[in-house]
Structure formats: structure tokens, C-alpha cells
Amino acid sequence: MAMFTRLIRFLAKDGRTYYGDAILPPGVNDLAQVTQANVIKGDVFGKHDVTDQIASVRLLLAPLAPEDVRTVRCLGLNYEQHAKESKMPLPKYPVLFYKPATALGGPCDAIPVPMPAQEVDGLDYECELVAIIGKAAHNVSESEALAHVMGYAVGNDVSHREWQLKRGGGQWALGKGFDGWAPFGPGIVSSSLIKDPQALNISTRLNGNVVQDSSTRDMIFGVAKTISFLSQGTTLLPGDVIFTGTPQGVGSGRSPPLWLRDGDVVEVNLEGIGTCSNKVEYAKSKPML
């Protein structure tokens with residue numbers, strides 16, 4: 001399915017935007033540290049070539065171009081310890097919600113906080129393993145599911161608990177779907193390199209301090225089970241992005257709560273993939289009506 005090993009999308013020093021296969025120094029696994037890549041020509045979900053052309057990276061972008069994204073699915077309460085800290089029963093079925101594609105952001109982008117989300121406290125972080133579908137999946141079994149995954153990234157399901165739980169009319173999406181509230185990356189590591197997505201360390205740092213530190217093996221519904229479940233009667237398409245839930249340690253689960261503030265820097269990390277580092281930036285004035 002994928003010819004690349006570590007897909008990145010980047011602004012090069014020549015001023016052009018490319019897809020590329022990251023060139024990492026020996027011993028380095030964090031794609032955020034990439035400085036060069038072999039340029040990819042063609043369709044990253046279809047026929048493409050990893051060329052001999054090497055470009056220098058100026059800035060890492062969201063690893064998929066907007067036109068290459070189909071949907072953004074997300075799971076809630078998918079880590080056992082997170083469900084417990086939320087004082088919620090373990091779900092019997094995956095808790096699914098959607099984010100708009102405009103919520104996606106890059107691994108270095110700011111997290112923009114619009115005026116409505118500044119009215120009350122509640123801005124929170126959630127580190128998550130992100131699976132990207134590379135081959136259409138319809139009614140696939142759990143044993144077949146991972147063969148439909150292009151690769152994996154790490155993401156932050158930025159959430160505002162007041163808008164999620166009290167102002168959303170019972171739906172979570174309003175408190176999770178503002179522009180730029182799903183930064184992910186720093187690239188997409190091929191599923192050929194990550195054989196077992198349930199054996200990865202995952203963590204969050206807030207202003208340099210560790211606030212989440214867990215393993216993907218604490219998932220209630222693993223990646224294969226999730227993809228199989230979501231594909232029953234609903235076709236998953238190449239370019240579908242799936243955020244798979246967050247472990248314990250979120251700000252809302254603490255006493256007192258630990259909310260994000262203007263200027264905070266949130267770093268989410270996934271073993272074998274790397275780190276997204278995003279700064280919280282409050283909008284400074286009301287939009288024109």
C-alpha cells in the first residue's frame with residue numbers, strides 16, 4: 001500500500017510544499033527533528049514514487065493536505081484509566097464523534113482559541129494515537145483491519161469541557177471542533193514499521209512538565225477492533241483520520257482542574273513517531289459580524 005516509510009508534508013527552503021519520505025539520522029526516531037526528505041511524486045494513497053530528489057525542511061505541516069482528508073473520526077473514553085478518572089463506566093461500544101476537517105492542524109501550529117472558548121475555563125489537552133486509513137475498509141474483521149492502515153501519527157484532541165459537556169446540547173463536537181483543535185503529526189509512520197500499535201508509550205508535556213504518561217495497551221478498543229467496528233456497514237476510505245482516544249491525566253480529571261491558558265505550550269508524543277509542539281494562542285479581539 002505505502003512505499004514511503006515516514007511520510008511528512010513540509011514547506012521546503014525553496015519555498016515549495018512537498019510530500020516527502022523523511023531522512024532521519026541514525027538513532028533518531030522523532031520526526032519533529034527531520035531536516036531533509038526524499039520528495040514524493042504522485043498520489044500518497046495510490047501510485048507514487050519516492051524520488052532521489054532531496055529537499056531541505058523549513059517547516060513541518062499537517063501530514064495530509066486538506067484535499068487528501070476525507071473525515072476525522074474520534075473516540076471518547078477509550079482508555080480504561082481515563083474512563084475511571086472521568087468517573088464514567090467503561091463503554092460497551094466505541095464512543096464515536098466527529099471533528100470537522102478544519103480542526104486539523106500541523107505539528108508546530110498554534111492552537112487558536114476563539115472568543116467563545118475564552119468565556120469560561122475548561123480548555124484541555126488530550127494526547128492520542130492517530131490512525132490513517134490507506135485502503136478502503138468495509139465490513140472488515142479485526143484480523144484484517146490493520147492491513148487497511150496507511151500509518152500512524154500522534155495528535156492532540158483539544159477540548160473545551162464547558163462547550164463539550166454543557167453547551168453542546170448533548171453532543172461533544174461543538175467543544176472539540178474549533179479550527180486548529182486537532183493538531184497532528186509530526187508525520188505518518190508507515191504501518192510496515194509499526195507492527196503493533198498497542199505497544200507504544202504515549203505522553204503529554206505542558207510547559208515542560210509531564211501531565212500524561214501511559215501506553216496504548218490501556219486502550220479499551222484497540223486500533224484493529226476500532227477499525228473493524230467502524231467499518232461495519234460504513235466504508236472507511238483512504239484519507240480517513242481516526243483519533244483513538246486519550247489516556248489518564250487530562251486537566252479535567254485533576255483536583256483542582258488544570259486548564260490550558262494563553263501562551264501555554266503543549267507537547268504530545270508517541271513512541272516511534274515523535275512530538276507535536278503547539279502553543280495556545282487566544283484570539284485578541286472579537287470577529288467582525
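Guide: Helices (H or I, at least four residues) and strands (E, at least two) are DSSP runs, numbered from the N terminus. The protein chain here has 4 helices and 18 strands. This is a predicted model, in which local features need pLDDT of at least 70, side-chain atom pairs count only at pLDDT 80 or more, and totals for chains, interfaces and linings use all residues. Residues are numbered from 1 along each chain as its sequence is written, and side-chain values use heavy atoms, with hydrogens and water left out.

Visitor: Which strands form the open sheet of 5 strands, and in what order?

Guide: Strands of a sheet pair through backbone hydrogen bonds, either parallel or antiparallel. Two strands count as paired if DSSP finds at least two bridges between them. In this open sheet the order is β8-β18-β17-β14-β15, and the pairing is mixed. At the edges are β8 (111-113) and β15 (209-215), each pairing on one side only. Strand β14 (residues 201-206) runs antiparallel to β15, and 6 bridges join them. Leu-206 stands opposite Asn-209 in β15.

Visitor: Why is helix α4 described as largely enclosed?

Guide: Buried means under 20% relative accessible area, exposed over 50%, and partly exposed in between (1.4 Å probe, protein chains only). Of the 8 residues of α4 (residues 223-230), 6 are buried, so the rest of the structure largely encloses this helix. The buried ones are Val-223, Ala-224, Thr-226, Ile-227, Ser-228 and Leu-230. They pack against several elements, including β5 (72-76), β10 (127-133) and α2 (142-145); contact means heavy atoms within 4.5 Å. Across the 289 residues of the chain, 53% count as buried.

Visitor: How many residues does the largest nonpolar core have?

Guide: A nonpolar core is a set of buried Ala, Val, Leu, Ile, Met, Phe, Trp, Tyr and Cys residues joined through side-chain atoms within 4.5 Å. The largest one has 52 residues, and Ile-227 is one of those with the most contacts inside it, as are Phe-10 and Trp-181. Another core, of 24 residues, lies apart from it, with Val-44 and Met-150 among its members.
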